[in-house]
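Please read these notes with the model open beside you. They take the aromatic contacts, the cores and a piece of sheet in turn.

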Amino acid sequence: MTDPSMLLQVQGLTTEFRSRDAHVVAVRNISFQVKKASVVGIVGESGSGKSVTSLSLMRLIQPPGQVSAGQAWFRNRTGAVVDLLTLPPREMQRYRGNELAMIFQEPMTALNPVYRCGDQVAEALRLHQALSARQAREAVLDLFREVELPRVEDLYRAYPHEVSGGQKQRVMIAMAIANRPSLLIADEPTTALDVTVQKQILRLIRRLQQEQQMSVMFITHDLGVVRELADDVLVMHEGQIVEAGPVEDLFQHPQHPYTRGLLACRPRMDRRPTRLLTLQDFQAETPPAETLISPAAFEARLNSLRSQAPLLQVKDLRTWYPLRRNLAGQVRSHVKAVDGVSLDVYPGETLGLAGESGCGKTTLGRTILRLTEPTQGQIRFDGQDITHLSQSQLRPLRRDMQIVFQDPYSSLNPRMRIGDAILEPMAVHQIGATQQARRDQVYELLVRVGLQPEMYQRYPHEFSGGQRQRICIARALALRPRMIICDESVSALDVSVQAQVLNLLKELQAELGLSYIFISHDLGVVKFMSDRILIMRAGKIVEQADAETLYRAPQSDYTRELIAAVPGSTAP
């Protein structure tokens with residue numbers, strides 16, 4: 001590595017995982033370079049090899065995995081060039097956390113739950129610097145201020161479970177930059193965060209990178225995030241780099257079909273297509289053109305929906321949780337998760353519900369279905385007041401009101417075949433004359449959500465995240481409901497799989513006349529799906545309008561902040 005402007009040069013990196021039953025080449029002969037004081041984005045779907053690449057460079061691949069080929073030339077602080085992949089373990093330990101550091105995707109699992117946040121950062125300092133306990137503490141407090149944490153003394157003493165997701169990620173960033181590394185590897189550091197918190201974290205990483213003149217490898221599946229942060233981009237697919245170049249060149253003139261597909265998958269705020277293009281579309285010789293819904297057609301749809309009687313009516317709904325009690329056991333204060341919400345949903349309509357984590361979206365959805373009991377208010381479904389019905393009275397109505405939860409992994413019983421999981425609610429509600437008739441309907445449902453009938457016999461662990469979410473949708477459809485609440489049902493999915501699921505939901509709505517309440521913190525997704533949108537904050541509705549009006553002319557500052565926080569947003 002003769003170029004003095006180069007910090008890292010990777011050549012022919014190959015990482016494999018071998019077991020008795022399988023041999024997987026997760027990273028296949030990739031080469032790239034990172035300049036000093038630059039930001040390189042690495043994008044691709046889950047399983048493309050992004051994280052394995054970063055773990056290989058950090059020498060954190062565990063058996064049965066191994067780096068089987070390649071070099072990673074790194075220029076250290078003295079100017080000497082070393083191969084990270086051949087350094088002895090003790091010497092690599094001196095580099096790791098010092099000359100190069102890593103921010104992991106999930107801060108809750110990356111931080112030790114039994115140690116205080118401040119002590120964990122102090123440990124990273126004392127491991128590489130000759131600091132006393134007092135000096136380390138002062139250095140940590142300075143780091144906490146640098147990453148813009150509030151109440152630094154309190155945060156030093158707090159345990160990970162006592163702080164928010166955004167604050168935990170800032171603690172992880174403080175730990176990573178503690179020893180002023182030359183290279184910071186950020187592995188999906190904003191994926192689990194709200195768009196507004198994500199924007200703050202991205203701005204923080206960019207500021208620290210510029211102030212400290214460090215290089216950053218930023219790993220994500222979201223090209224919108226990369227456009228805001230990176231100078232250069234690597235696009236990975238099936239363990240290989242399929243395209244690389246300056247960020248604006250890649251966005252303006254993508255060359256590879258996979259890159260063009262990734263760019264097209266994410267819903268855009270400034271247009272309303274009939275369906276999202278997917279990666280499969282770009283495998284064809286001539287990808288289909290995007291078809292947009294005209295303003296006149298959208299307005300006609302809204303008028304048609306409003307001409308009907310509402311399917312769901314919610315009036316002044318409150319769901320409060322006791323927070324403090326006095327000595328006599330009387331409640332002194334509450335957490336007002338839902339605080340005076342009113343809304344209507346019309347047959348065949350999608351009502352979007354957007355806001356940050358903790359605003360009450362999920363609690364509202366669960367309360368509407370009476371999975372959480374309301375404190376006050378009224379819920380009417382198809383003209384019937386269901387607010388105070390007993391569970392036995394509610395049971396017949398359950399088939400008309402279904403929910404698709406956020407996490408497709410925990411939503412399915414790991415010991416039950418997926419066909420049986422779909423069939424079970426049909427048997428409970430006696431849909432179908434015989435067990436064979438129900439099984440035939442399950443086969444049809446699997447085909448309808450884009451799976452094969454022979455998958456009936458498989459277990460949940462044999463499916464990807466997107467396939468599991470399709471199974472959950474099939475299970476919700478099995479009862480032929482009239483309304484489905486989608487609670488962050490695509491937020492755990494790659495943008496390409498997300499596009500497929502969103503298209504599926506739209507197709508099913510057109511075919512079956514379904515009504516949706518679509519809950520998400522991502523306004524881009526909500527706008528694509530919704531006819532009308534409600535914005536929630538602190539348990540209340542702060543704004544509501546049809547999807548186009550809310551984007552073009554938001555009335556509240558909070559809505560404008562949410563729109564501006566969408567990566568790559570062209571907010572007004």
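The points below go through rings, cores and strands.

1. Ground rules. This is a predicted model, where local features need pLDDT of at least 70, side-chain atom pairs count only at pLDDT 80 or more, and totals for chains, interfaces and linings use all residues. Residues are numbered from 1 along each chain as its sequence is written, and side-chain values use heavy atoms, with hydrogens and water left out.

2. Aromatic pairs. Searching the whole structure gives two aromatic pairs. Rings of Phe, Tyr and Trp (its six-membered ring) pair if their centres lie within 6.5 Å; planes under 30 degrees apart are stacked, over 60 edge-to-face, and the rest tilted. F74 and Y95 make an edge-to-face pair, with centres 6.2 Å apart and planes at 80°. This pair links distant parts of the chain: F74 belongs to strand β4 (residues 65–75), Y95 to helix α2 (residues 89–95), and they are 21 residues apart. Helices (H or I, at least four residues) and strands (E, at least two) are DSSP runs, numbered from the N terminus.

3. Burial of that pair. Buried means under 20% relative accessible area, exposed over 50%, partly exposed in between (1.4 Å probe, protein chains only). F74 is buried because its relative accessibility is 0%. Y95 has a relative accessible area of 7%, so Y95 is buried.

4. Lysines over rings. A charge sits over a ring if NZ of Lys or CZ of Arg is within 6 Å of the ring centre and within 35 degrees of the ring normal. K336 lies over the face of W320, 4.6 Å from the ring centre.

5. Nonpolar cores. A core here is a set of buried Ala, Val, Leu, Ile, Met, Phe, Trp, Tyr and Cys residues joined through side-chain atoms within 4.5 Å. The largest has 115 residues, and F144, I173, I473, F518 and L523 have the most contacts inside it. Helix α18 (residues 495–512) gives the most to this core: eight residues. A second, separate core has 31 residues, including L13, I42, V52 and L87.

6. Strands. Two strands pair if DSSP finds at least two bridges between them. Strands β3 (residues 39–43) and β9 (residues 232–237) run parallel, joined by four bridges. Here V40 stands opposite D232 in β9. Six bridges join β9 to β10 (residues 240–246), and these two run antiparallel. M236 stands opposite I241 in β10. β9 and β10 form a hairpin with two residues between them. E238, in the turn, has a positive phi of about 50°.
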